[in-house]
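Here is a short briefing for a first look. Please open the sequence and the model side by side.

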Amino acid sequence: DQDLLLAAAYVSDAQYNRNVPFETSPQAIRLYHFYNHWTMRAATYFFIWVDLALALFEEPAVFPLPFLVTSIAEVLCLTAFFGRLVHFAKVTPQKVFWKDTKNICVMVTIVLTLIDLVIYASLEAVNIRGVRWSRALRPVFLINFPESRQIRRAFRSIRNTLPDILYVFLLFLFSMMIFSLMALKLFGDRGLRTVEGSPYFTNVLDIAFELYVLVTTANSPDVMMPAYELNWWYSLYFITYIIINTYLFMSVFLAVVYNNYRKHLKNEIHTLAYLKRHKMTEAFNILKVKVGTAFVVKEARWRQLVKVVAPDISSSHLELLLRISDEGQTGHVDKMNFLRLTDLLNIRVVAINIKRHPLETWMPRVYQSSTSLLVQKMVQHRIFVWVYDVIILINTIFIALDEKDSLISYAEWLFLSLYIIEILLKLYTYEPRAYFGRNQFWNWFDTLIIIAALLATVANTTIQARKYNSQQILDIVLILRILRLLRVIVSIQRFRVIVTTLINIGPTMLTFGGLVLVVYYAFAIIGMEAFHGKVHFLDPGSGSPDALVCGNPALKDSAFARGRYCKNNFNDLASSLILLTELTVVNQWHNILSEERVFALLADGFALVTHQAAKLYFIGFHVVVVILIVNIFIAFILEAFFVAYSLEKSEVETAIEKKIQELGVGVQEEEVQDGGLIDHMDTKDSGFSADDGDNRKKALKGLYFRIASKKYKTVDTLLQQMFESEIAPEGKDPSLEEILNFSPKKPNYDNSA
């Protein structure tokens with residue numbers, strides 16, 4: 001049924017917010033369904049990560065492999081990328097494919113990588129060291145394939161935000177240069193010197209660099225001390241500079257970044273929301289039939305569509321969604337309810353099967369005895385939780401004490417026994433499969449912490465008995481013991497709310513993690529090519545004179561070498577990423593690259609062993625990551641946290657819950673205490689009965705429903721929730737041309753609808 005497959009493609013795109021124009025021929029539709037299959041997406045990501053990981057095995061390598069091996073692996077990855085691109089070209093109109101910048105970027109990167117491989121291999125053949133410049137382009141594959149739309153959206157929003165940020169940044173640079181010229185006139189001719197004897201503030205570029213470092217407060221108050229010692233009035237110059245540039249301009253940066261990023265993100269989300277409705281309208285127009293004066297989709301057709309879009313949906317869940325979409329039991333779904341289908345499918349409805357405890361089946365008399373019921377009642381009471389909260393607090397005190405004391409050692413076993421008893425009592429009270437259900441995160445968390453503590457205590461006792469002396473094993477044991485204190489999170493409700501909120505925004509944070517990874521990876525590759533082998537770490541205990549100068553005589557008597565920064569190098573990918581992380585943290589970042597110590601420019605670091613232009617690399621990284629991306633990350637996470645923390649149920653969720661309660665098969669989330677109900681989708685269920693009351697419940701065979709926890713909201717759902725109040729209601733959608741004008745990027749939709 002080609003119409004059904006075409007409608008399903010539109011609905012699936014709307015459900016997952018895919019914005020891919022595709023051909024509507026039968027063959028193209030089948031290829032498009034295959035293109036979106038999870039195995040194809042997983043294979044694409046596998047090759048992307050293999051391609052990125054090759055930097056660990058290429059020179060300079062963490063785990064060296066021959067060039068032939070890494071080059072063959074890279075060619076295989078490029079072949080997979082090209083195959084994915086060809087597949088995409090088969091399902092999209094040629095006109096659209098060749099106008100899409102993503103496809104051009106992927107093709108150009110493949111060609112450039114192959115050219116670089118041939119040139120590098122040729123140079124290697126004649127023993128000439130080449131530069132693998134194309135490795136910095138590898139993140140292009142992560143960004144530009146359709147699967148990475150979240151990262152691409154973040155990049156687009158940053159790109160659109162840049163013009164407004166640029167004006168603030170230029171104003172900041174202007175302010176910094178004004179203060180640099182003032183410093184040159186105030187201090188340049190006074191013969192001041194730093195502690196190390198270097199001239200103080202005699203070069204305007206050196207002054208500008210020091211003042212830029214001062215914005216990060218990394219060289220405060222050292223940078224002002226020579227002037228301050230001359231006259232305390234000069235401190236007012238530095239205080240004024242810090243107030244204007246550190247506090248005022250950096251705050252304005254955050255405000256401008258937040259305001260503009262949010263504005264452009266809102267336009268992106270508006271575009272997604274309206275395009276989703278547009279796709280659903282197209283699907284409706286394909287399947288609609290006329291009943292009376294209105295166009296509708298027949299119930300049988302609606303069922304077929306849902307089974308194609310969500311093949312794993314259970315019959316009971318499908319019937320629940322049908323009851324919501326066809327409230328009047330008319331045998332068809334109208335347009336307004338049809339357009340809500342993707343929202344219904346995106347809301348996770350948990351089917352719960354209330355089962356008897358195995359002990360109740362095996363030993364009914366014992367399990368239902370007065371003593372057993374008393375134990376169950378005690379475990380379910382709030383006082384039981386309070387008692388174990390007190391035990392955890394006491395355990396915290398004992399962990400902080402000296403474990404070599406025999407009393408403390410025995411106490412560890414006592415606390416561990418109490419925790420094991422707690423788990424056993426809960427498994428006795430609650431059905432075990434329910435307690436360890438798929439969605440019972442906190443029960444799994446609690447149990448795994450106890451198992452880790454048990455392993456740590458047993459290992460610690462064994463080590464002490466055999467007088468084993470491995471510091472690494474001891475470190476692991478101590479960490480596992482301390483992790484037991486994380487049970488406090490389980491015990492205190494407000495802690496759980498905050499952690500659940502963080503889990504809510506976790507996918508969003510991962511999106512920015514991908515964004516940071518792209519930037520880090522590109523800068524790491526550039527750093528390895530520019531600074532590889534300039535600094536080496538040698539064990540100071542080896543007696544080698546090179547150990548004192550980080551393997552480079554240019555660093556003799558430098559602050560870089562004296563500060564033992566030798567491990568901060570670009571000799572492999574791991575070291576490069578660690579160094580860039582240190583730069584992101586900001587503190588002492590200038591020591592890594594500069595020429596003189598904090599009083600002027602450090603006579604140290606990569607600028608000393610290469611060229612003064614090395615500073616531009618580090619300043620560029622600081623501007624891109626710390627000033628731009630970190631500020632955007634903070635702004636977005638603040639917004640997302642506020643939304644997730646105070647998240648209200650959407651209108652569609654409310655409609656589902658209302659229907660669940662009307663059908664008499666509802667379970668409120670607060671009723672599901674400590675895993676008392678098991679999460680079980682019964683796909684063999686025959687569905688809802690047409691009768692009311694008891695017949696309906698019998699047809700359900702014990703299945704009850706509730707909306708899943710808020711932590712299952714997707715990134716797109718969370719983003720849409722942020723701007724939901726500003727999206728026009730259904731029936732008032734703008735035209736397709738107006739929708740595309742929301743976004744700076746206007747894809748060609750010829751032959752797509």
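This is a predicted model: local features need pLDDT of at least 70, side-chain atom pairs count only at pLDDT 80 or more; totals for chains, interfaces and linings use all residues.

Residues are numbered from 1 along each chain as its sequence is written, and side-chain values use heavy atoms, leaving out hydrogens and water.

**Helices α4 and α6**
- The axes of α4 and α6 (residues 101–125) come within 11 Å and cross at roughly 160 degrees.
- That makes the two helices roughly antiparallel (angles over 145 degrees).
- The crossing of α4 past α6 is left-handed.
- On the α4 side, the contact residues include F67, L78 and F88; on the α6 side, they include N103, I110 and A121. Contact means heavy atoms within 4.5 Å.
- By class, this contact has 14 nonpolar, 3 polar and 1 charged residues. Ala, Val, Leu, Ile, Met, Phe, Trp, Tyr, Cys and Pro count as nonpolar, Asp, Glu, Lys and Arg as charged, and the others, Gly among them, as polar.

**T70**
- T70 sits in α4 (residues 67–91).
- T70 counts as buried, because its relative accessibility is 2% (buried means under 20% relative accessible area, with a 1.4 Å probe and protein chains only).
- Leaving aside residues up to four places away in sequence, T70 touches L54, F57, E58 and L65.

**T246**
- T246 belongs to helix α11 (residues 235–287).
- T246 counts as buried at 9% relative accessibility.
- A polar atom of the T246 side chain lies 3.4 Å from the backbone oxygen of V215.
- Not counting residues up to four places away in sequence, T246 touches L214, V215, T217 and Y241.

Key: Helices (H or I, at least four residues) and strands (E, at least two) are DSSP runs, numbered from the N terminus. Buried means under 20% relative accessible area, exposed over 50%, partly exposed in between (1.4 Å probe, protein chains only). Axes are lines fitted to C-alpha atoms, for helices over the stretch in contact, and angles run from 0 to 180 degrees between N-to-C directions. Angles under 35 degrees count as roughly parallel, over 145 as roughly antiparallel, 65 to 115 as roughly perpendicular and the rest as oblique. A crossing is left-handed if the near helix is turned anticlockwise from the far one by less than a right angle, and right-handed if clockwise. A polar contact is a pair of N or O atoms within 3.5 Å; within protein, one must be able to donate a hydrogen and the other to accept it, and residues adjacent in sequence count only if both atoms are side-chain atoms.
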